[in-house]
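Take a look at the structure below. This report walks through a few of its parts in turn.

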Amino acid sequence: MTLPTPDNDAEHYLRLARQEQRGRLTVYLGAAPGVGKTYRMLQDAARRQAEGVDVVVGVAETHGRSETALLLEPLDVLPRHRMNHQGHMLDEFDIDRAIERHPALILVDELAHSNAPGSRHPKRWQDVEELLAAGIDVATTINIQHIESLNDVVAGFTYVRVRETVPDNILDDAELIVVDLPPDALIERLAAGKIYMPDTAGRALSNFFTPNKLAALRELALRFAASSVDRRLSDQLRTTGKESDFVAGERLMVAVSPGKGGAQVIRHAKRMADMFNAPWTAVVVESGRARAIIGAQREQLADNLALAASLGASLMTVAADRVGEALVDQARQLRASQIVIGKSRRSRWFEWVHGSVAQAVIRKAQGVAVHVVPLTDADEKPDKPREALLARDDMIALAIVAAMVGLLHLAQPWLPFGAIDLLLLVPVILSATVLRLRAGLWSALWAALCYNFFFIPPLHTFTIDDPQNVITFLVLALVATVVGWLAGRIRRQAETSAGVARLNASLARFAGLMGGLSQKEETAQVACREIGSLLDVEAIIVTIEDGDIVVRGNDAYRALDIVGEAAVRWALDRGVPTGRDTGTLNASDWQFHPLKTSLGTMGALGLARPSQERIIRPDDAIMLASLVDQTALAHERIVLEGQARQVDTLRERDRLRGALLSSIAHDLRTPLTAVIAAAEAIPVEGAFAEEVSIARSESRRLQRFLNDLLEASRIEHGTIEPRWESVDLTDIIADVLHALRQDHADARVTTRIDSDCPFVSSDALLLRHVLINLIDNALKFSPATAKVEVELLCRGQEVVCRVSDEGPGLPTNTDSLFDRFHRLEGSDRVGGSGLGLWIAKNFTEAVGGTITAGNRAGQGAVFEVILPVFRKDEAEGRAADA
């Protein structure tokens with residue numbers, strides 16, 4: 001298959017026109033902050049400006065680095081658009097001024113940035129899209145963790161969920177420039193204070209900037225860039241209509257033959273694919289000669305295809321008459337970098353008569369590496385059709401020639417002599433088209449002999465007196481042979497193409513039927529009915545649910561025998577075909593194929609045939625592989641749809657619960673305030689002194705609970721906006737102890753505060769809520785006589801507030817301790833709303849701190865709130881970004 005040329009592909013001009021109308025996007029991709037993306041972008045911009053390109057800087061974040069700021073001086077920088085957001089003046093990218101200026105190239109740093117509320121677009125990548133649509137070239141920067149499709153992958157090993165992401169399609173047409181820096185060099189830059197301030201750098205080195213995480217991010221960025229280059233190359237070739245053998249990344253294609261040596265070639269290709277970590281495809285060329293193979297070799301072809309599928313290859317069939325050309329064309333279409341093909345030991349006479357596929361591939365595969373695997377033993381000769389069938393076709397061909405000769409003999413008085421030889425070509429064409437090629441060649445020979453015997457003087461002899469008649473006879477024999485061969489070849493190609501078309505039509509119909517189903521039972525019924533009809537077998541879908549085997553899809557088979565159960569469990573556990581006609585548990589009446597997907601094994605497709613013949617015929621092997629894949633995908637889609645419905649239900653439930661709790665908290669707050677005021681006004685004396693004390697204590701606890709509900713509502717709606725200021729934690733601790741009535745001499749809470757403890761940059765109100773929750777939690781779930789200790793410690797550029805109790809402590813697994821509405825049963829954290837620790841965690845992170853939990857060396861639990869020391873320049877920067 002070749003790509004269309006520009007001369008006859010109208011879509012080519014449309015693609016070029018669309019590309020010319022848009023600006024070009026250049027993305028500087030990095031594995032992590034600090035690798036030098038902005039610096040490299042500014043360097044390239046200065047070079048482009050020196051070349052005479054009109055370059056403008058829309059946004060360039062220097063992050064306080066003097067060497068980056070120096071690169072900005074010779075460039076034209078657009079003024080920012082100042083916006084007032086809740087009393088803070090924010091500087092954002094002025095897209096209107098950029099479009100009005102309309103430079104040839106504009107630099108817009110930090111593609112994943114979220115714009116301030118009130119901007120034209122909520123995200124900066126949307127600004128870039130508008131610039132590109134206006135025909136302006138854009139250069140921008142992004143880190144690998146901000147790409148939407150990789151967000152979950154990055155969060156899986158960094159344990160940091162990035163909220164600002166960019167859709168992948170924005171980068172589809174972009175030119176990616178990877179700005180790379182080894183992990184050790186990046187860590188050295190961080191430690192030297194070239195990326196973050198020293199206090200922030202310490203936390204980054206212990207969390208995100210570890211050698212293992214940076215190495216993983218670096219590999220992810222390089223792989224993404226490589227796949228992008230390969231994708232852009234393929235798109236460019238489709239756009240320009242040009243062919244090229246260049247490939248980016250390794251891809252393997254293996255030619256599958258019907259002989260026993262095919263398995264050896266497949267295993268060799270699998271080892272190569274593992275070595276290169278590359279995808280690979282097993283290709284079968286359905287030529288006329290291959291379709292003539294029957295018997296043991298057809299069975300061997302099915303085994304070879306099953307082996308390739310079990311080893312992870314994608315299966316593909318190609319209809320062609322020239323095997324070597326078809327393999328090379330398919331390799332170019334797949335953009336394979338290497339072709340693996342086997343070569344048996346054949347005599348020179350055999351290769352001279354039939355040709356060598358390996359040699360043909362080597363001659364034609366320019367730019368593609370060809371690996372020829374020498375087979376230890378020559379493949380057995382293909383089984384030939386039954387002699388009776390051949391003899392029948394030969395006799396039919398002879399009868400057709402005889403009938404034509406009889407008609408010509410009767411019509412000879414009315415026919416010119418020169419028309420007889422042309423009419424004798426008719427039975428040749430008919431025999432080659434309707435019957436086999438051999439019959440067509442025999443009919444050519446018989447037609448020539450009959451022409452000589454019945455129509456060339458002297459009649460009824462094979463002697464030719466006239467030299468002109470000799471030439472006529474030879475020409476007739478040659479033309480008849482060529483016509484018969486061509487007609488037979490066309491017939492084989494038509495049969496091959498028709499078979500492939502039927503296969504594709506069957507698969508398309510099956511995919512369409514499966515795509516419209518949403519119930520597991522209905523999907524199994526349709527899949528088994530269609531597969532059974534296409535392959536002429538009995539089919540079932542088997543799953544294991546709650547440890548029991550469940551059979552679906554075929555009402556005639558609702559249970560399996562002991563061998564069948566063992567076979568299906570083996571297939572599901574190991575993900576390989578088992579049962580009849582396989583190498584595992586062959587005594588089973590069923591053959592099971594696991595339905596493997598990215599979510600795991602969805603079940604197994606069971607196939608059976610009442611007769612003793614092979615369950616899957618060789619011609620159906622590729623169709624079966626496709627049917628298994630589509631059945632697996634259909635069941636995977638049902639599972640994903642069910643999970644999506646559950647997520648929607650949970651999300652709606654959480655939304656309603658949050659709205660209800662927020663409403664209750666607001667409605668109860670006013671009357672509760674009046675109750676607390678009344679309780680405080682009653683003196684704690686007389687006969688009801690104890691009751692008054694209980695009323696005061698419980699009403700204050702209820703007030704804290706309602707405050708938790710209100711704060712939870714703020715967190716869910718994302719309305720936490722810290723008011724940054726210099727905060728003295730000593731004052732906050734004193735205020736919290738007063739609110740909890742723990743500021744008297746007999747209080748259960750003791751404090752230990754380091755002298756000259758520095759201020760922290762934080763929000764005093766949010767920190768107050770954090771400490772109230774932690775200290776109240778420790779008081780509530782510790783013994784009544786136990787003490788709770790609050791410590792304020794200084795650790796370099798960090799301040800640590802530690803709350804310790806003498807309770808039973810926390811369980812070993814504390815992964816979900818800070819989850820919303822979570823309570824750890826069987827520990828000292830039982831009871832309550834389950835919101836306190838969740839609120840404390842969110843508030844701490846909102847002010848740039850971290851919170852940890854663990855057990856004390858002796859007995860009890862300990863919580864630590866770690867906050868950065870106050871820095872005036874950093875506080876002003878945070879206030880500007882708020």
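**A strand and its neighbours**

Strands S2 and S3 (residues 76–77) pair in the parallel sense, over 2 bridges. Pairing requires at least two DSSP bridges between two strands. Strands (E, at least two residues) and helices (H or I, at least four) are DSSP runs, numbered from the N terminus. Val-57 has Val-77 as its bridge partner in S3. Between S2 and S3 the chain passes through helix H3 (residues 66–72), in a right-handed β-α-β crossover. Right-handed means that, with the strands pointing away from the viewer, the path from the first strand over the helix to the second runs clockwise.

S2 also runs parallel to strand S6 (residues 105–108), joined by 4 bridges. There, Val-57 is partnered by Leu-107. How many residues of S2 are buried? The count is 5 of the 5 (residues 55–59), so S2 is largely enclosed by the rest of the structure. Buried means under 20% relative accessible area, exposed over 50%, partly exposed in between (1.4 Å probe, protein chains only).

**A buried histidine**

His-769 sits in helix H26 (residues 764–780). Its relative accessibility is 12%, so His-769 counts as buried. His-769 and Val-736 are 33 residues apart in sequence, and their C-alpha atoms are 8.5 Å apart in space.

**About the model**

This is a predicted model: local features need pLDDT of at least 70, side-chain atom pairs count only at pLDDT 80 or more, and totals for chains, interfaces and linings use all residues. Residues are numbered from 1 along each chain as its sequence is written, and side-chain values use heavy atoms, leaving out hydrogens and water.
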